[in-house]
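My entries follow in the order I looked things up.

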Amino acid sequence: LLGGEGSSGISVRTLIGQALQMEEEMSHQDENDEAKEEKGQSPTGLLEVSEMNQKYAQETTSCLSEKAEMLEEYFAIRLVKNGDDAMLTGLPELLEGHVPEPHGLPTFLFRLATEVDWSEERPCFQKVCEELSNFYANVPTEDHEDYVKHTLIPAIS
C-alpha cells in the first residue's frame with residue numbers, strides 16, 4: 001500500500017519522533033503559547049524533536065527493525081533498514097480498495113513496538129493482528145457513510 005517502485009518509503013524514526021513531539025506540544029499548548037511560537041519548526045518544516053522524544057523514536061525504530069523479517073513474512077509490513085533508521089515501504093492490503101487513514105500510522109507503529117509481547121509466538125501474532133485491525137478500522141471521517149457503502153461493503157461482498 002505504500003510507495004511504488006523506486007520509492008524509498010517513510011522514515012519510521014522521523015514519523016514517530018514528529019508524532020511524539022506534536023503530542024507533547026499539544027499537551028502543553030495552553031501552558032505557554034509564547035514558548036511554542038519561539039521554538040517553532042526547523043528549516044525543513046519539521047518540528048524540532050526533543051532529546052527524550054528522539055530517544056523514544058529511536059528505541060521504537062530499533063525494535064521494529066529487529067522484527068522486520070517476521071513482520072514482512074507474516075503480515076506484509078515491509079521495513080527496510082537504513083542505518084539507524086528504518087524505512088516503511090509497505091503495508092498489507094487487508095481489504096481491496098480500503099486504505100487506512102494516514103494520521104493513524106505513527107500510533108500504529110509506536111504501539112506495534114511497545115504493546116506487542118515479542119517473546120511468545122501466539123500472543124505476539126494476536127497482538128500484531130489486533131494492532132493492524134485497530135489501524136485499518138479507522139475510516140475517512142468525511143463522507144463516512146459513502147465510504148462504507150461504496151468501498152467497504154462491496155469489498156466484503
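**Entry 1: α1 against α5**

I began with a helix pair: the axes of α1 and helix α5 (residues 105–115) come within 9 Å and cross at roughly 105°. Axes here are lines fitted to C-alpha atoms, for helices over the stretch in contact, and angles run from 0 to 180 degrees between N-to-C directions. α1 and α5 are therefore roughly perpendicular to each other. I noted the scale: under 35 degrees is roughly parallel, over 145 roughly antiparallel, 65 to 115 roughly perpendicular, and the rest oblique.

Which residues of α1 meet α5? I found Val12, Leu15, Ile16, Ala19 and Leu20 on the α1 side. Leu105, Pro106, Leu109 and Phe110 face them from α5. Contact means heavy atoms within 4.5 Å.

**Entry 2: ground rules**

This is a predicted model, in which local features need pLDDT of at least 70 and side-chain atom pairs count only at pLDDT 80 or more, while totals for chains, interfaces and linings use all residues. Residues are numbered from 1 along each chain as its sequence is written, and side-chain values use heavy atoms, with hydrogens and water left out.

**Entry 3: the whole chain**

I counted seven helices and three strands in the chain. Helices (H or I, at least four residues) and strands (E, at least two) are DSSP runs, numbered from the N terminus. The elements run β-α-α-α-α-β-β-α-α-α from the N terminus on.

How much of the chain is buried? Of its 157 residues, 36% count as buried. Buried means under 20% relative accessible area, exposed over 50%, and partly exposed in between (1.4 Å probe, protein chains only). The chain exposes about 9900 Å², and carbon and sulfur atoms supply 49% of that area. Those areas come from the Shrake-Rupley method with a 1.4 Å probe; for residues, only the protein chains shown count as cover. I also looked at contacts between residues at least 6 apart in sequence: 65% of them join residues at least 24 apart.

**Entry 4: α1 against α3**

Next I took α1 (residues 12–27) with α3: their axes come within 8 Å and cross at roughly 140°. That makes α1 oblique to α3.

I stopped at Asn53, which lies in helix α3. Is Asn53 buried or exposed? Asn53 is buried, with a relative accessible area of 4%. Not counting residues up to four places away in sequence, Asn53 touches Leu20, Gln21 and Glu24.

**Entry 5: the sheet**

I found an open sheet of three strands in the order β1-β3-β2, with antiparallel pairing. β1 (10–11) and β2 (78–82) stand at the edges with a single partner strand each, so one side of each has no neighbour in the sheet. Two strands pair if DSSP finds at least two bridges between them.

Two bridges join β1 to β3 (residues 85–90). Ser11 has Met87 in β3 as its bridge partner. Helix α3 (residues 51–66) packs on the sheet and touches β2 and β3; its direction makes about 55° with that of β3. β3 is mostly covered, with six of its six residues buried.

**Entry 6: the hairpin and Arg78**

Five bridges join β2 to β3. The two strands form a hairpin with two residues between them, and Gly83 in the turn has a positive phi of about 65°. Leu79 stands opposite Leu88 in β3.

My last stop was Arg78, in strand β2. Arg78 stands opposite Gly90 in β3. Arg78 is partly exposed, with a relative accessible area of 31%. Leaving aside neighbours within four places in sequence, Arg78 is in contact with Glu72, Met87, Leu88, Thr89 and Gly90. Arg78 and Gly9 are 69 residues apart in sequence and 9.4 Å apart in space, C-alpha to C-alpha.
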